[in-house]
Amino acid sequence: MNILVCVKQVPDDFAKVHLGENGKPALDGIDKVVNAFDTYAVEMAVRLCENHGGRVVVATIGAEEEVRPSMVQMIAVGANQAYIYAPSTADADESAVAAGLAELVKKTEETVGESFDLIMCGKESTDEISSQVGAMLAEKLNLSFVSSVIDVKPAEAGLCVRQETEEGSASYEVFCPAVVTVAKPEYDPRYPNLKSKMAARKAVIPYFTDTLSPVQPAVRCISYSEPAKREAGVKIQEKNAVDAVARAIALMADDKVL
């Protein structure tokens, strides 16, 4: 099975991001990492190929010097090949990103000389959290699609995928090729060992320039706003438990919580 995983680099989840003077998130000095849900997708793809045979290719859009370390990391944890494509549109919306990824898929298939049976993305990116790109990509490629997948197995008709739902999970059978977006499965991404790190550093990662057609975004973000600061809480200092409970109930009654 040939699998392509679309990977995005995002600001470190643990960094505190504030708005700059231009009203946009100030990201200078903040480390960039592989989007968490994309790491789950890569791990799921690698496990699928380890158990049933196949090849995992990862691809991303970005400046070579910025995203190459992330691609090296993906090879270190099991991907067989990585490709980087130069960005074609600044401030692209989800539709423009999906259009770029659709072209990326086709050009990567031309490069490797084979079509992909499965295209995987994280269910959302931790910077934008829109959960739209994967579905739009499937539509542009005219392929079947399942979101929030937590398990993939070969099936007679193609693949059996298990989708995370609010009530638990649901299983679907889909024909290949297909597009899925990946939620957090029941396992964590693996850590690379020293041998795989050294091998990944020597990997040849092609960088393609001027290959993706520019797409004009249909939606433009006009402003950002930071979350409202939380008000200071009230300390309940009564030493007696009964008095403390009574005080808490009184405060909630005053605020009309009860």
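Among contacts in the protein between residues at least 6 apart in sequence, what percentage join residues at least 24 apart? The share is 72%, where contact means heavy atoms within 4.5 Å. The model is a predicted one, in which local features need pLDDT of at least 70 and side-chain atom pairs count only at pLDDT 80 or more, while totals for chains, interfaces and linings use all residues. Residues are numbered from 1 along each chain as its sequence is written, and side-chain values use heavy atoms, with hydrogens and water left out.

Taken along the principal axes, the box filled by the C-alpha atoms is roughly 75 × 50 × 40 Å. Of the 258 residues, 36% count as buried. Here buried means under 20% relative accessible area, exposed means over 50%, and partly exposed lies in between, with a 1.4 Å probe and protein chains only.

The interior may be considered next. A nonpolar core is a set of buried Ala, Val, Leu, Ile, Met, Phe, Trp, Tyr and Cys residues joined through side-chain atoms within 4.5 Å. The largest such core has 40 residues, of which Val5, Val58, Leu118 and Met120 touch the most other members. Helix α1 (residues 36-52) gives the most to this core, contributing nine residues. Apart from this core lies another, of 18 residues, including Cys6, Cys121, Leu137 and Ala138. Once neighbours within four places in sequence are set aside, Val58 is in contact with Leu4, Val5, Val7, Val42, Met71, Met74, Ala79, Gln81, Ala82 and Tyr83.

Leu159 lies in strand β8 (residues 159-164). Leu159 counts as buried because its relative accessibility is 0%. Leaving aside neighbours within four places in sequence, its contacts are Met1, Leu118, Val152, Lys153, Pro154, Tyr172, Glu173, Val174 and Cys176. Asp117 is 42 residues from Leu159 along the chain, with 9.7 Å between their C-alpha atoms.

Two helix pairs can be compared by their axes, which are lines fitted to C-alpha atoms, for helices over the stretch in contact, with angles running from 0 to 180 degrees between N-to-C directions. Helix α3 (residues 94-112) and helix α4 (residues 133-141) have axes that come within 8 Å and cross at roughly 55°. The two helices are therefore oblique to each other, given that angles under 35 degrees count as roughly parallel, over 145 as roughly antiparallel, 65 to 115 as roughly perpendicular and the rest as oblique. Their crossing is right-handed: a crossing is right-handed if the near helix is turned clockwise from the far one by less than a right angle, and left-handed if anticlockwise. On the α3 side, Glu94, Ser95, Val97, Ala98, Ala99, Leu101, Ala102, Val105 and Lys106 meet Val133, Met136, Leu137, Lys140 and Leu141 of α4. By class, this contact comprises ten nonpolar, one polar and three charged residues; Ala, Val, Leu, Ile, Met, Phe, Trp, Tyr, Cys and Pro count as nonpolar, Asp, Glu, Lys and Arg as charged, and the others, Gly among them, as polar. Lys106 is partly exposed, with a relative accessible area of 47%. Its C-alpha atom is separated by 9.3 Å from that of Phe116, ten residues apart along the chain.

For helix α2 (residues 64-76) and helix α5 (residues 194-201), the axes come within 8 Å and cross at roughly 135°. That angle makes α2 oblique to α5. The crossing of α2 and α5 is right-handed. Arg68, Val72, Ile75 and Ala76 in α2 meet Ser196, Lys197, Ala200 and Arg201 in α5, a contact of four nonpolar, one polar and three charged residues.

The loops hold several backbone features. Most residues other than glycine have a negative phi, and most peptide bonds are trans. Cys176 and Pro177, however, are joined by a cis peptide bond with omega of about 5°, and Pro177 lies in the loop between β9 (169-174) and β10 (178-182). Ile129, in the loop between β6 (118-122) and α4, has a positive phi near 55°. Asn142, in the loop between α4 and β7 (144-154), has a positive phi near 60°. Asn142 counts as exposed, at 69% relative accessibility.

Conventions:
Helices (H or I, at least four residues) and strands (E, at least two) are DSSP runs, numbered from the N terminus.
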